[in-house]
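Colleague: I am new to this structure and would like to learn how to read it step by step. Could you take me through it, giving the general idea before each case?

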2 protein chains.
Amino acid sequence: MAAKRPAADDGQAARTDGAVAPQPRGSVMRDVARLAGVSHQTVSRVLNEHPNVRQETRRRVLEAMQALNYRRNLAARTLVTRRSGTLGVVGLETTLFGPASMLYGIEDAARTAGYFVTVASVRTLERRSVLEAVDRLCQQSVEGIVAIAPKPAVTNALVQVPSGLASVGVGGGADDDAVPTVRIDNAAGARLATQHLLDLGHSTVHHVAGPPDWPEARERVEGWRGTLYAAGAPVPPVEPGSWSAQSGYEQGQALARDPAVTAVFCGNDQIALGLLRALHEAGRRVPHEVSVVGFDDMPDSGYFLPPLTTIHQDFAELGRRSLTVLLDQIQHPGDRPADHVLLSPELVVRASTAPPRA
Amino acid sequence: MAAKRPAADDGQAARTDGAVAPQPRGSVMRDVARLAGVSHQTVSRVLNEHPNVRQETRRRVLEAMQALNYRRNLAARTLVTRRSGTLGVVGLETTLFGPASMLYGIEDAARTAGYFVTVASVRTLERRSVLEAVDRLCQQSVEGIVAIAPKPAVTNALVQVPSGLASVGVGGGADDDAVPTVRIDNAAGARLATQHLLDLGHSTVHHVAGPPDWPEARERVEGWRGTLYAAGAPVPPVEPGSWSAQSGYEQGQALARDPAVTAVFCGNDQIALGLLRALHEAGRRVPHEVSVVGFDDMPDSGYFLPPLTTIHQDFAELGRRSLTVLLDQIQHPGDRPADHVLLSPELVVRASTAPPRA
DNA sequence: CGCTAACTTGTGATCGGTAACAACTGGGGT
DNA sequence: ACCCCAGTTGTTACCGATCACAAGTTAGCG
């Protein structure tokens, strides 16, 4: 028997002193098979829960695996099955609350479904770096790609993905029909916020927007503007900004000087935080003189001064849903049109909004 | 030539209609070799930048790779080299600012070093779930594991890692010498904060701590307490809490009622946020009546009301340094004692601290 | 008792790379 | 002219799993 693999043992010994030490080798299927007194194929059957294995044999194999602390080699399995059991995530290198939460939602759902997750983060959302990230994931032979995709460059890059590879964009805007997406209804969220302020009696609502090149920000602007139109309220101008508290603070300083401003809807909670500070410094009290609404419902926004009324979106759920879509694609690789899942955000009323002073 | 691989084309056709479609196969090394008119081994040499390949040959191979859009199959490479080029991260499923930042720091450094990153997140820090996560990563045959390790259960689980596998804990406490760690000097940070307040003239400093079962929280308590001792200041009692704004708010309500409280050091910035709200609601002005210091320097804390004086720690750097340690272990697998890297945090003075009122 | 069907198990090929070794080139030194 | 060595390329075995197929075993049934 040993004669069949002449180089096995000797070769192993002869290989010492390599430049970079290879991983120490654990036991492999052959070892388990030998210990259990069966063929390697039977071990494989037990592992893959093939029905036609005698109970007694299965027990022996499982015992041998236990005894040898056997772990199946995924590389070998991947090589032959062409299925890696791995999904890729293209993530933006940011600590914005949303993206981070989505990542964990995705990982959680992937684990439940029996998949591994590898991350390729990009520092910028340029087309080139996204393509590079996708390429890295393809090398890993991932079975599908989730792109945390706030900007079109990302989903566009997905279109270039080698044909047949499943993909989904999560949490961005809706600008490309070719790639399935899962996102929240930003316009609806903006409408909720704006209408809430109008309903309180404000004659109009100002808006401090996120970066204009982010579709999410644009959709929120449109929802806000549409609501004002529908109500016949004047539409104040919008200045370009970023997602940061600093941006909210800077624009807030200007708004605070304008006594006509009684209600402000912010592109996200961080902007709202900056705005609150600017209003406070200018001596304008919230919500008595100015009402403020945010977007995202970060864990902290209930503890702002005052606690922030905002639009809640469930990032973890977004991550989970994106995985549902992705797995569906993997299992039924029909080329029917990409689906677009749209989740509804909710208004959370806290203490930063009130009717305008008479 | 074709006779050598009789099943290649026919087998492919016969395999249609499998239950789950395997990945569509791209071109492989053999295809590139054929197109370039060389052997597959030469292609391998070009790929691995082996020096002894004629310039002209290399050019032809590269062209062929380009033309066929060739991508090397990492599973095959891993199988034979026993090196996966992948590192594993055990991450806590949380959106705390710190862990999320570290993840990106790690991924960034890993990419630079030519490694992939796969994530295994855990929902709780129990020993069992951490072990399970480590096991998942081992299956992936990662070459090293970074554990975002705020609690000892995590680093302890690392000790159980199959011998020879490199590992490092990042960002937790220092309670186990067996596993290398990279973390910031929490006690030193706490001393900075406390001393800052004492230097302003406060007769003592109160503390709202993080969860007592987190070493990080405990180290901060010790740093604070030690500084008070050294200054001969009375040491107020510490209540158990969590890292959340809610915890800060609840404990803040009690502190706000006590007129003897003029300076508070918080376990992190979120706690400080809650505390600020409690003080505000109780009508105690910050910093004029009460000074507050946080810990972490989240991006938003400069926009709290008032802007928060806090201890800055560089999470991304923490992630990068952990990778340095890990790669060092991989390249020099000597069994010398584990190193422990300790980064120094910095005091950032903003507007939430001032001398006590006369 | 023989025969087929279902269950169980083993054998050999294969996935796509890399490692080891052999074979073939073309100078440079004596 | 000869040898040797370095540079270049090809051949073959191998990593550790799965798959297809064959072979042996048991059971059911006329």
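Modeller: Let us begin with a term we shall need for single residues: a residue is called buried when its relative accessible area is under 20%, exposed when that area is over 50%, and partly exposed in between. Please keep in mind throughout that this is a predicted model.

Colleague: How is that scale applied to A:Glu317: which class does this residue fall into, and why?

Modeller: A:Glu317 has 23% relative accessibility, so it counts as partly exposed. The side chains of A:Arg321 and A:Glu317 meet in a salt bridge, with N to O at 4.0 Å, and both residues lie in helix α13 of chain A, 4 residues apart, which is about one turn of the helix.

Colleague: What is the general idea behind such a pairing?

Modeller: Side chains of opposite charge can pair when their charged atoms come close. A search of the whole structure finds 37 salt bridges over all chains. In chain B, B:Arg277 forms one with B:Glu281, the closest N and O atoms being 2.9 Å apart. Because B:Arg277 and B:Glu281 are 4 residues apart in helix α12 (residues 269-281) of chain B, they are separated by about one helical turn. B:Arg277 is buried, with a relative accessible area of 12%, whereas B:Glu281 is partly exposed at 46%.

Colleague: Which parts of the chain does the pair B:Glu219 and B:Arg183 link?

Modeller: The side chains of B:Glu219 and B:Arg183 meet in a salt bridge at 3.1 Å, N to O. This pair links distant parts of the chain, since B:Glu219 sits in helix α10 (residues 215-231) and B:Arg183 in strand β5 (residues 181-184) of chain B, 36 residues apart. Both B:Glu219 and B:Arg183 are buried. Salt bridges can also join into a network, as they do for A:Glu107, A:Asp108, A:Arg111, B:Arg123 and B:Arg136.

Colleague: How should I read the division of chain A into domains, and where do the bounds fall?

Modeller: A domain may be made of separate stretches of sequence, and here the assignment gives domain 1 (25-72), domain 2 (85-184 + 315-343) and domain 3 (186-313) of chain A. The C-alpha centres of domain 2 and domain 3 of chain A lie 30 Å apart, and 16 residues of domain 2 are in contact with 14 residues of domain 3. Between them, these two domains of chain A bury about 1,200 Å², 62% of it on carbon and sulfur atoms. On the domain 2 side, A:Phe97, A:Ile184 and A:Phe315 lose the most area to domain 3 of chain A, together 46% of what that side buries.

Colleague: How many salt bridges and polar contacts are counted between domain 2 and domain 3 of chain A?

Modeller: The count between domain 2 and domain 3 of chain A is 2 salt bridges, and 4 residue pairs are found in polar contact across their interface. On the side of domain 2 that touches domain 3, the elements giving two or more residues are β5 (181-184) and α13 (315-331) of chain A.

Colleague: Where is A:Ala166 found, and is it buried or exposed?

Modeller: A:Ala166 is found in strand β4 (residues 166-170) of chain A, and at 5% relative accessibility it counts as buried. Among its contacts, leaving aside neighbours within four places in sequence, are A:Leu326, A:Gln329 and A:Ile330.

Notes. Residues are numbered from 1 along each chain as its sequence is written. Chains are lettered from A and ligands numbered from 1 in the order in which they are written. This is a predicted model: local features need pLDDT of at least 70, side-chain atom pairs count only at pLDDT 80 or more; totals for chains, interfaces and linings use all residues. Side-chain values use heavy atoms; hydrogens and water are left out. Domain bounds come from an automatic or database domain assignment. Contact means heavy atoms within 4.5 Å. Buried area is the accessible area (1.4 Å probe) that two parts lose on being put together, summed over both. A polar contact is a pair of N or O atoms within 3.5 Å; within protein, one must be able to donate a hydrogen and the other to accept it, and residues adjacent in sequence count only if both atoms are side-chain atoms. Buried means under 20% relative accessible area, exposed over 50%, partly exposed in between (1.4 Å probe, protein chains only).
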